[in-house]
Amino acid sequence: MARRPRLFVADMPYHIVQRGNNRNSIFFSNDDYTYFLEVLQEAKIKHRCCIYSYCLMTNHFHLLLKPEEKDNISWLMKLLGAKYVRYFNKTHQRTGTLWEGRFKSSLIDEELYFLACLHYIEMNPVRAGIVTSPESYRWSSYRARAFGEKIPVVDLDPWYNSLADNETERQLKYREFFQNLLPESTYKLIREMIRRNGIIGGEGFKKLIEKLTHKEIIFRSPGRPKKNKK
C-alpha cells in the first residue's frame with residue numbers, strides 16, 4: 001500500500017508523535033532524556049523550527065512545533081532520529097530500528113486548536129496516571145511557562161506572551177489554564193487526527209490549506225466504504 005503523502009506548510013503549527021517499535025521503551029535513564037533534548041535543540045537550530053511544547057514519555061514523545069520552511073520538520077526529525085538512535089543503540093547495546101515506522105503529524109489551526117493541543121501534550125503524564133499534576137513530571141515543557149523554568153529548547157508562543165504584562169502574572173494564568181480539563185471530544189479529535197496525519201481546524205482553515213498547497217483535502221471516516229444497495 002502506498003504511503004499517504006505528508007502535508008507540510010511553512011509557518012503553521014504541527015503536533016508530532018513518534019512511538020517506539022512495538023511500543024517498546026525509547027528512554028531508559030535520565031541521561032537518555034537529557035541527550036534527546038540536546039539533539040532536539042541542535043536539530044531545531046539547524047532546521048529552523050519553533051518548538052512550543054514537548055512531552056517525553058517512556059515509549060513515545062510529543063512535539064508541538066512550527067517550521068520556518070515546509071521541509072524543516074522532515075529534516076529535523078531525520079537528524080533527531082539518526083543521532084538519538086545511534087546513541088541509544090550504542091548506550092544500551094542493541095541493534096536495529098527504534099521507531100514504530102514514520103512519525104505521525106497533524107496540522108493545527110492556530111486560532112482554534114493550538115491551546116488545546118498544547119494542553120493535550122503537557123497533560124499526557126497526568127492522563128497516563130504517572131503523576132497527579134503536570135508540574136510533577138520532569139520531562140515535559142510545562143514548567144517553562146508555568147514556573148519560568150529555563151528550558152532552552154522551548155519557544156514561548158504569542159498567546160502566552162499576551163497573557164499579562166509581567167512574567168509572574170503570565171505564569172499564574174498559565175497554571176490556571178491547566179486547572180480545566182479539555183472536553184473528551186477534543187481529546188478524541190486530537191488522537192484521531194494524529195493517527196490519520198490529518199488537520200485539526202475549521203472549514204475556513206481547511207480551505208486556506210487547500211489554497212496554499214493546491215491540493216484538495218478530503219477526510220473520510222475510517223473503515224471500508226459501504227456497498228450500494230441494489
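## A tour from hairpin to helix pair

Start by selecting strand 2 and strand 3, which a hairpin of 3 residues joins. Helices (H or I, at least four residues) and strands (E, at least two) are DSSP runs, numbered from the N terminus. This is a predicted model, where local features need pLDDT of at least 70 and side-chain atom pairs count only at pLDDT 80 or more, while totals for chains, interfaces and linings use all residues. Residues are numbered from 1 along each chain as its sequence is written, and side-chain values use heavy atoms, with hydrogens and water left out.

**Stop 1: the strand pair.** Stay on these two strands. Strand 2 and strand 3 pair in the antiparallel sense, over 7 bridges. Pairing requires that DSSP finds at least two bridges between the strands. Pick Leu56 and look across: its bridge partner in strand 3 is Phe61. Now colour residues 49-56, which make up strand 2. Of its 8 residues, 7 are buried. Buried means under 20% relative accessible area, exposed over 50%, and partly exposed in between (1.4 Å probe, protein chains only).

**Stop 2: Leu65.** Select Leu65, in strand 3 (residues 60-67). Leu65 has a relative accessible area of 0%, so it is buried. Show its contacts, meaning heavy atoms within 4.5 Å. Beyond neighbours within four places in sequence, Leu65 touches Met12, Pro13, Tyr14, Ile16, Cys50, Ile51, Ile73 and Leu76. Then draw a C-alpha to C-alpha distance from Leu65 to Tyr54: 8.7 Å, across 11 residues of sequence.

**Stop 3: Asn22.** Move to the loop between strand 1 (14-19) and helix 1 (30-46), where Asn22 lies. Asn22 is exposed, because its relative accessibility is 59%. Asn59 is 37 residues from Asn22 in sequence, with 9.3 Å between their C-alpha atoms.

**Stop 4: the helix pair.** Select helix 1 and helix 2 (residues 72-91), whose axes come within 9 Å and cross at roughly 150°. Axes are lines fitted to C-alpha atoms, for helices over the stretch in contact, with angles from 0 to 180 degrees between N-to-C directions. The two helices are therefore roughly antiparallel, a term for angles over 145 degrees. Show side chains at the contact.

Conventions:
Parallel < 35°, antiparallel > 145°, perpendicular 65-115°, else oblique.
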